[in-house]
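I opened my notebook to look up a few things in one structure. I start with charged pairs, then go on to helices and the surface.

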Amino acid sequence: MAESSLNTGAQSEREIGPLDAHLSCHRTKTTDDQSYPGPPQDPTDFLWLMTEEPHRSRRMAIMKAHPEVTKLMGHEPLTKFVVLGVVSLQLFIAIQLRHSHPLSFWFLLLAYAVGGTANHNLFLAIHEITHNLAFKGVHANKALAVFANIPIGIPYSAAFKKYHIEHHKHLGEDGIDTDLPTNFELLCLNNVLGKTFFATFQIFFYALRPGFVRAQTLTRWHFINLVVQLTFDYVLVQTFGVRPLLYLLFSSFFAGSLHPCAGHFIAEHYVWDGLNQETYSYYGPLNVLAYNVGYHNEHHDFPSVPWTRLPALRALAPEFYDTLPSHPSWPMVIVNFIRDSEVGMFARVKRTGKGLSGQMTPSRMDRD
């Protein structure tokens, strides 16, 4: 496997040490055991492109070369059972900690190691359910997302659905794709201290940024999500005290902070080594805890393929995926993002929005 360093440009596997191995691509006749990074990006602005996002064209090419790919599409019945298990685990631990001090060692350790991992899993369960991949019916998927939201402590599943679908449809479009950093973030966080702050509190950026960039029109599912979550939080506090709720909230914070799984937030769409590639996959073991979200090129190419079949999608079309640089480690993505001056808030592809910025209006399906 050829490797490249984000700090010093292209290097062969023989030239780099373990801390410098950030991106990897499989050996092929075209890569010739090397990677070929582009020039350093201007750190004062985003990478503005006029080209179309790459996933639509690759999807069409894969469907032409492998028409059997459609057999991988459809819902995954296993998802609802995984959600039920993780929700049950979190509620059990939260109740068991009702007599523990929130700042005690074991409380914080459990909230980080177990709770952070579990709630991150639920974030990605909601991501999976957003694509209607848990049930055949739309309403059943929305209801499961509300249920998966319960241990997170704050209602967000209904709002996430609209923002995430637009992230797919309008990848990189300024004012529409709310996954993109804002100019304010570029101005204030474009140094080691700022990137450390961002990586530590990125859960708040992803929670608050969409409301500033592109407001939503509320639907009944927003209200269902809100009422169910607030009712659960109230009953939990009234029955067991505030500490179980604090455990759940701490878990959500750690899930989107300096947590090994949280590396995927940065790994997915930040550009590295001056390359114009705007989506990166990760094929390591943490995918087991994260609904295979590391298979991110595969997911964006075929959002209707559920998490259990994404490895099969990659295996079906190796000529499309094995030549793409990928990240070998989510934790090291966070480390390298912070310490490397050639990557930062500026390292995102942006395109001019197609006149859709502003407030989103709900479709009939969303109102229902």
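A salt bridge is a side-chain nitrogen of Lys or Arg within 4 Å of a carboxyl oxygen of Asp or Glu. I note that the model I searched is predicted.

**Entry 1: salt bridges**

How many salt bridges does the structure hold? I found eight.

I took Asp301 and Arg58 to begin with. Their closest N and O atoms are 2.7 Å apart. Asp301 sits in helix 12 and Arg58 in helix 1, 243 residues apart, so I wrote down that the pair links distant parts of the chain. Is Asp301 buried or exposed? Asp301 is buried, because its relative accessible area is 0% and the cut-off for buried is under 20%. Arg58 is buried too, at 13%.

Next I looked up Lys350 and Asp174. Their side chains meet in a salt bridge of 3.1 Å, N to O. Lys350 is in strand 7, and Asp174 is in the loop between helix 5 and helix 6. They are 176 residues apart. Lys350 is buried, with a relative accessible area of 3%. Asp174 is partly exposed, at 32%.

Then I checked Glu278 and Arg351. The closest N and O atoms of this salt bridge are 2.5 Å apart. Glu278 lies in the loop between helix 11 and strand 5, and Arg351 in the loop between strand 7 and helix 16, so the pair ties together parts 73 residues apart in sequence. Both residues are buried.

**Entry 2: Asn297**

I stayed with helix 12, residues 296-301, where Asn297 lies. Asn297 counts as buried, at 3% relative accessibility. What does Asn297 touch, leaving out residues up to four places away in sequence? I listed several, including His55, Arg58, Tyr280 and Tyr321.

**Entry 3: two packed helices**

I looked at helix 7 (residues 192-200) and helix 8 (residues 202-213). They pack at an angle of about 75°, with axes 4 Å apart. That makes helix 7 roughly perpendicular to helix 8.

**Entry 4: the surface**

I found a nonpolar surface patch of Leu218, Phe223, Leu226, Val227 and Leu230, with about 470 Å² of accessible area together. Leu226 lies in helix 9. Leu226 is partly exposed, with a relative accessible area of 35%.

**Entry 5: the whole protein**

I counted 16 helices and seven strands. Of the 368 residues, 52% count as buried. The protein exposes about 16,500 Å², and carbon and sulfur atoms supply 66% of that area.

Terms used:
Residues numbered from 1 in each chain as written. Predicted model: local features only at pLDDT ≥ 70, side-chain atom pairs only at ≥ 80, totals over all residues. Heavy atoms only, no water. Patch = residues over 30% accessible without salt bridge, like charges linked within 9 Å, V, L, I, M, F, W, Y side chains within 5 Å. Areas by Shrake-Rupley, 256 points an atom, 1.4 Å probe, with all protein chains shown as cover. Buried < 20%, exposed > 50% of the residue type's maximum accessible area, 1.4 Å probe, protein only. Axes fitted to C-alpha atoms, helices over the stretch in contact; angles between N-to-C directions. Parallel < 35°, antiparallel > 145°, perpendicular 65-115°, else oblique. Contact = heavy atoms within 4.5 Å.
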